[in-house]
Each structure stands twice: as C-alpha cells, then as structure tokens.
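Here are a few exercises to work through with the model open beside you. Try each task before you read its solution.

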Amino acid sequence: MTRYVGKGVYGAVAIGRISMFRKNDAAVQRVRVEDTKEEISRFEAAKSAASQQLCEIYEKALKEVGETNAAIFEIHQMMLEDEDYNESVCNIIENQQVNAEYAVAVTADNFSEMFSAMDDAYMQARAADVRDISNRVIANLSGTGFAAQNSDDRMIICADDLAPSETVSLDKDKVLAFVTAHGSSNSHTAILARNMNIPAVIGVGDDFLSAVNEGNEAIVDGFTGEIFISPDEETRARLLKKQRDDLNKKRLLQELKGKENITLDGTRIKIYTNIGSIDNIGAVLLNDADGVGLFRSEFLYLENSDYPTEEQQFSAYKRVLESMAGKKVIIRTLDIGADKQVDYFGLKKEANPALGYRAIRICLTRPDLFTTQLRALFRASVFGNLGIMFPMITSVSEVQQALQMCEQVKNELKADSIEYSDKIEIGIMIETPAAAMISDKLAPMVDFFSVGTNDLTQYTLACDRQNPEIEQFCDAHHEAVLRFIEMSAQNAHKNGAWIGICGELAADTTLTETFLRMGIDELSVSPSFVLPLRDAVRKIDLSK
Ligand code: PEP
Ligand code: MG
C-alpha cells in the first residue's frame, strides 16, 4: 500500500479503480513509422470509435437538452466524414511517413486556421469544432482523455490538473472521485467537485502521477486529503466504516428537510444553492434549498463549442426557473475569463488574467454577447422568480451601463410584444475591494448584493486563488475580508437592499454566527451543504 496526501476539497470517501486523464493537448509527438497502411487503419479505427461515441453523446444530449442543443454532435459526426479532412490526414501519414496522432494534429491546426480566417462568423466557429473532433480521434488513438471516459465503471479520475472546461466535459455518472497533482482549493474545478458531491483531493504532487497506473485500486478520503493505492485490509476496513458513517450522518441530516432555517432566538435566514448547470437542479431540490443563489451561467458557454444562442440560453434558464417552481433563481451573467477560458471567445493570453479581461468587462465591451444573454434572461423571467446579477463590479458606471443595457433589452422586447416579468430583482456581486468600499453608492442602484468571497479574498489579500503555493496566505477569515462583508451588509440595509454570500465561505459553519450577527440575509452554498448549514443555523442563539 502507498499513501499520498493532498488537500481534500469535498469530504466523502470513494473506493474504486484509477483512470488516468491525460490531456489531449499534451503535445502530440511526431513519430516516424514504417508501415503507413497500418497507421491509416489505426486512424480509421479511431475515427469510427469517435463516430460511435458522438452518436451516443447525440442520443444522450437529445434526451437531456433537446434537439437544438444536440445538433452540434451531428455536425461533429459529419465533419469526421469530411473528404478533405480525411484526405489530409492520410496524405500526411503517407507522404511524411508519420504516426496518425501527428497527422490528425497537423490537419486540425491547418483546418482550424483556415476556418478562423474566414469572414463568416459561423464558419469561424467551426475552428473549435474541428479541434474538438480531432482531439477525440487523438484520444482514441492514444487511449487518453475522452477515451478514459469510455469505461462503463465509475472510476477515480487522476490528472495533472483539470481546467473547468475539462471538468464539465467529464461524464459525471462515471466519476467516483477526482485526484489532481496540482490545483488550488479555490479553483473552479474544486468548486465543481463540491457542486457534484464528488470526493476530491487536489495538489497531491507529481510523485503521485508517476507512481500510479491505469486500473490501480485506490481509496480517496476527501476529508483528510489522503489517497491509498492498493490499500491493505486494515485501511480498507477502516475507510469502509468511515464511508458508512459519513453516509449515515448525511442520511440523518435528511430529517432537517422541510424545517426552517431559524436560529434558537427566532432569526430567519435563507439558504440558497450554487449551481453551474441545469443538471444540478435535482440536487437542489433533494437538499431542500430555498432557491438558487448563484447559477454560474458561464458553464453554458464552457459546455458548448460555440456561443450558445439566445434560444439555447432561453431554454436552459426557462428549465431552471420552471423546475424551481416559483422559488428564487439568481442567474449570474457571463463570468468568463481568468481560469474559465473558452477557445471560441478568442481571448488573448494575459500576464495577469485574474486582473484582466473577464466577466462584466467582456459583457460591457461586447454588447452583442451581453444583449443575447439579457434577452434570453428577460424572456425566461415569466416562467419563475428570477434574479439577475452582474459579476466583478468595481464602479458605479459599470452598474449604470449594465442597467442601461437591461432597459434597452426590455424596450426591444416590449416593441416586439414579447413578455417579461416586471418582478425581476437585479443585483451585483461584491467581489472586489472597490465594490465593498463604495457599497454605499452601489446599494441604492440595485435590489441586492451577493458577496463572492472567493474573489473578494483573492483581490483583498493580493493572493491568486489559482496558485497552490500561496494558499496559506489566502485566508478568507482575514479581518479585512470580514470587514468588507460587514461594511457591505450595513450599506445594503441602509439603502433597502438585501445581502447574501455566495462564495465558498458561505458554507463555513465556523462563521455562520458571525454572518448572522452582521445581518446577512442569505447564504448560498453547494447543494450538499444546505442541510449541514441548516443544522448549524438551528443551533445558534443570537440573544446571548
Ligand atoms: C466568488 O468569487 O466568490 C464567486 C462566487 O464567483 P466565482 O467563484 O465563480 O468566481
Ligand atoms: Mg467570482
């Protein structure tokens, strides 16, 4: 048995086999081959496996997200059969006597460059598609990435690190746990693991990756951050018991369903949830949340290989609102950039992406994108109780501009006799020191604040949330962070606005009493934290 330790980011125990997730973009090697016919047959086999996979994904998408959204996988299948694409791969193999992986990678580069250079926006977007299908073929050729997801068993996924876009593309039904060699606990990958209730350990180090192999038996303890490879009988028995106890505890919490979030002295608080996809709605309802406090709409963009259309967004927002049946659903407008990168946005590489072109900055400078999302949101508003909030706000003028664009969208809808609700609450995220400092000026402009403690901590303490080296300095309990939250709460209430917290700190039960004493009205957490938080709230007595 070998034991490795990293940082646990979701407490649960998983027992199973390891599947290595090697990145497809890990430079494909150019290898000289003697038998080019054999190489072409390898390509044909990998391509037909890709076609079969795409067919299955299409069927699944058809059931889960409808025909319009599923259509892209049909297009991918057609692209795989494209004569020019196939000819290019076979020519490169034959003429250069090279391996199929290399021929596919070169073809993907050439074709995507050609598409990007076209004038037509639709054709430009095909650049990402050709890369996507080529990555799938390469993965099948080398038995990595997507291919690792083809097993029927649920596996412990091990990777160097996982980007948010890679995490969302994993088939959740097949993931028992995540283990990554790198990464920080405030990264979106860690947040996604929490959202999906998947035991996850990050930052285990490079030694781990070189020591483990595909199919190794392992136990992941997300509470302690330990991973045991080929566990001995004693460890297996101990962790099986821990797993049983944890499940029992979670079962006991189920008794709190239907009960109020009320302190011993009668103070009520709303407990909402954070989600990144409509697939999480089941967990929201199962955990009896009062509403959705943060729908990270950018995941709709991360899951897609092209800008989601107004119709696609409308149908996603409508489904969330309908499923929540009148309970509050706060949808955050696009927060792309920094660690959440999407190829088809064509964002430039930046020296300091967290301080760069992201979130509201993209929306205000690309009004076409923002307007499409706002139209979808306003149209969907008639199907439930919608709140809209803007991320990364630093100034009064940004809020003014965002509100003006809302007015413009409403006027356009009115002119076209398209209905929208007149009860939509509009809020902003308090996740920069600037927003907290001028919260007295921002509060009169909006209905609510939602504190994003992940970014507020990063910007207040000058600590990159993605950098595991400085995690010990990235202390969300720092007095400066807490003072900013308190200041924002006072300014919200003075101006008739309400305030919630949707960063990861909202789930930290050692701070629940502090937040309640500050007057925080709502806490929004991953679905599985709703009941533990309700339990904590019901044990607090603010009269003491
Ligand atoms: C935050 O910054 O706290 C937040 C909720 O937003 P995200 O984690 O998506 O940046
Ligand atoms: Mg944030």
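**Exercise 1: a strand and its partners**

Task: find how many bridges join S3 to strand S7 (residues 217-221), and which way the two run.

Solution. Five bridges join S3 to S7, and the two strands run antiparallel. Strands here are DSSP runs of E with at least two residues, helices are runs of H or I with at least four, and both are numbered from the N terminus. Two strands count as paired if DSSP finds at least two bridges between them. To see one bridge, go to Ile15, whose partner in S7 is Ile219.

Next, take strand S4 (residues 155-159): five bridges join it to S3 as well, but this pair runs parallel. Here Ile18 stands opposite Ile156.

Finally, seven of the nine residues of S3 (residues 13-21) are buried, so the strand is largely enclosed by the rest of the structure. Buried means under 20% relative accessible area, exposed over 50%, and partly exposed in between (1.4 Å probe, protein chains only).

A word on the ground rules: this is a predicted model, where local features need pLDDT of at least 70 and side-chain atom pairs count only at pLDDT 80 or more, while totals for chains, interfaces and linings use all residues. Residues are numbered from 1 along each chain as its sequence is written, chains are lettered from A and ligands numbered from 1 in the order written, and side-chain values use heavy atoms, without hydrogens and water.

**Exercise 2: the metal**

Task: work out which residues coordinate the magnesium ion (ligand 2).

Solution. Look for donors, meaning N, O and S atoms within 2.8 Å of the metal (3.2 Å for Na, K and Ca); water is not among the atoms, so sites may look incomplete. You'll find Glu431 (OE) and Asp455 (OD), at 2.1 Å. Glu431 lies in the loop between strand S13 (425-430) and helix H15 (433-437), and Asp455 in helix H17 (residues 453-460), so the pair ties together parts 24 residues apart in sequence. Glu431 is buried at 2% relative accessible area, and Asp455 is buried at 2% too.

**Exercise 3: cysteines**

Task: count the disulfides.

Solution. A disulfide needs two cysteine sulfur atoms within 2.5 Å, and the count comes to zero. Check Cys406: the closest cysteine sulfur, in Cys363, is 11 Å away, too far for a bond. Then check Cys463, where the nearest cysteine sulfur, that of Cys474, is 4.2 Å away. Cys406 is buried, at 3%, and Cys463 is buried, at 5%.
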